[in-house]
Amino acid sequence: MSTPAISGGTGFFTGFTRLCKGLAVVLVCGHIAVQFFPSAVTYFALIPARTIPFAWNLITSGYLEQSIYGVVISTLGLLFIGKLLEPIWGSREFFKFIFVVNLLTSICVFITAIALYYITRLETYLYMPLSGFHGVISGFLVGIKQIIPDQELPFIKIKTKWLPSITLLLCIAISFWTLEATTYLPTIIAGTYISWIYLRYWQRKPEAKLRGDPSEDFAFSTFFPEFLRPVIDPIASIFHRMLCGRSNTSNNGQGYNLESEPLPGSDSIEASRRRERGARALEERLAAERLAAARRELQREAEENV
């Protein structure tokens, strides 16, 4: 998962990876198919009451966008965020992240819908078709938080480490005003949490011979403001022991024991390397885009002089 050199000919609207373009075609074609064949929603969207015979819905629902707004946002997010994350993670790891986050997010949404039905006895939760790539997009934001947490967004001067938290907060606020947003909220929450679990505990790092990211900068409490972290940390540690204890197994073949204390400085060194790779990839891409823009400007001036 090394960071490859980014070609100097790429611009803002170019340099998209082959995998991202292929998945974008799947999203667009799926949306078009639903417009011409509305009954396809029954077979490919997640309908909790029909998931038992149609278990493949847990996979296909994540790649089916029913609204034009959803397909536009998901496609743009996949292309632009994907061309930053995929070169750093590698194509195989990037695809694995998408598949695992999409599947586990769908399972969480299915369980949530069933639980809401038993609590409220409203059949709407059983027969509402749920689908969309926004769970994975929210997971991409967690990936950005991990790789370049201190990078500031232009114009608004907000560090990228706050992108997942701000997105969740906005979605929760919007859900109070429009009922349609409530159908997206469980997917976005589950996508954010599942992606954090994957990157924190499961992602393989061959260059470091470790699984996950044990650095304090990527702890669950970093999604919350500083004053809430003393409250969040004890709660997060409980879920850590309950849900993720299996990941803390010793790796005897590699000489690491994650069940005990990590090697001195190992998590901080790995976090520094990860941030350096992310920052280097971002700088190379920005430099390539500036170079491409300068070349276009020179070519335009040459054509005008002619």
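**Helix α9 and its neighbours**

Tutor: In this predicted model, helix α8 (residues 163-175) packs with α9 at an angle of about 160 degrees, and their axes are 9 Å apart. Angles over 145 degrees count as roughly antiparallel, so α8 is roughly antiparallel to α9. Their crossing is left-handed. On the α8 side, the contact uses Pro164, Leu168, Cys171, Ile172, Ile174 and Ser175. α9 answers with Ala181, Thr182, Leu185, Ile188, Ile189 and Thr192. By class, this contact has nine nonpolar residues, three polar and no charged.

Now turn to the other partner, helix α5. It covers residues 91-120, while α9 covers residues 181-202. The two pack at an angle of about 135 degrees, with axes 9 Å apart. That angle makes α5 oblique to α9. The crossing here is right-handed. From α5, the contact takes Glu93, Lys96, Phe97, Val100, Val101, Leu104, Thr105, Cys108 and Val109. From α9 come Pro186, Thr187, Ala190, Gly191, Ile194, Ser195, Tyr198, Leu199 and Trp202. The classes are 12 nonpolar, four polar and two charged residues.

With α8, the crossing is left-handed; with α5, it is right-handed. The α8 contact has no charged residues, whereas the α5 contact has two.

Some of these contact residues also belong to an aromatic cluster. Phe97 of α5 touches α9, and Tyr198 and Trp202 of α9 take part in that contact. Phe97, Tyr198 and Trp202 are members of one aromatic cluster, together with Tyr63, Trp89, Phe94, Phe133 and Phe140.

Next, the ring pairs. The structure holds 18 aromatic pairs. One of them joins Phe220 and Phe223: the ring centres are 6.0 Å apart and the planes lie at 40 degrees, so the pair is tilted. Phe220 is partly exposed, at 25% relative accessibility. Phe223 is buried, with a relative accessible area of 9%. Phe220 also pairs with Phe224. Here the centres are 5.5 Å apart and the planes are at 65 degrees, so this pair is edge-to-face. Phe224 counts as partly exposed, at 26% relative accessibility.

Phe220 therefore takes part in a tilted pair with Phe223 and an edge-to-face pair with Phe224.

Methods. Residues numbered from 1 in each chain as written. Predicted model: local features only at pLDDT ≥ 70, side-chain atom pairs only at ≥ 80, totals over all residues. Heavy atoms only, no water. Axes fitted to C-alpha atoms, helices over the stretch in contact; angles between N-to-C directions. Helix = DSSP H or I, 4+ residues; strand = E, 2+ residues; numbered from the N terminus. Parallel < 35°, antiparallel > 145°, perpendicular 65-115°, else oblique. Left-handed = near helix turned anticlockwise from the far one by under 90°. Contact = heavy atoms within 4.5 Å. Nonpolar A, V, L, I, M, F, W, Y, C, P; charged D, E, K, R; others polar. Phe/Tyr/Trp six-rings, centres within 6.5 Å; stacked < 30°, edge-to-face > 60°. Buried < 20%, exposed > 50% of the residue type's maximum accessible area, 1.4 Å probe, protein only.
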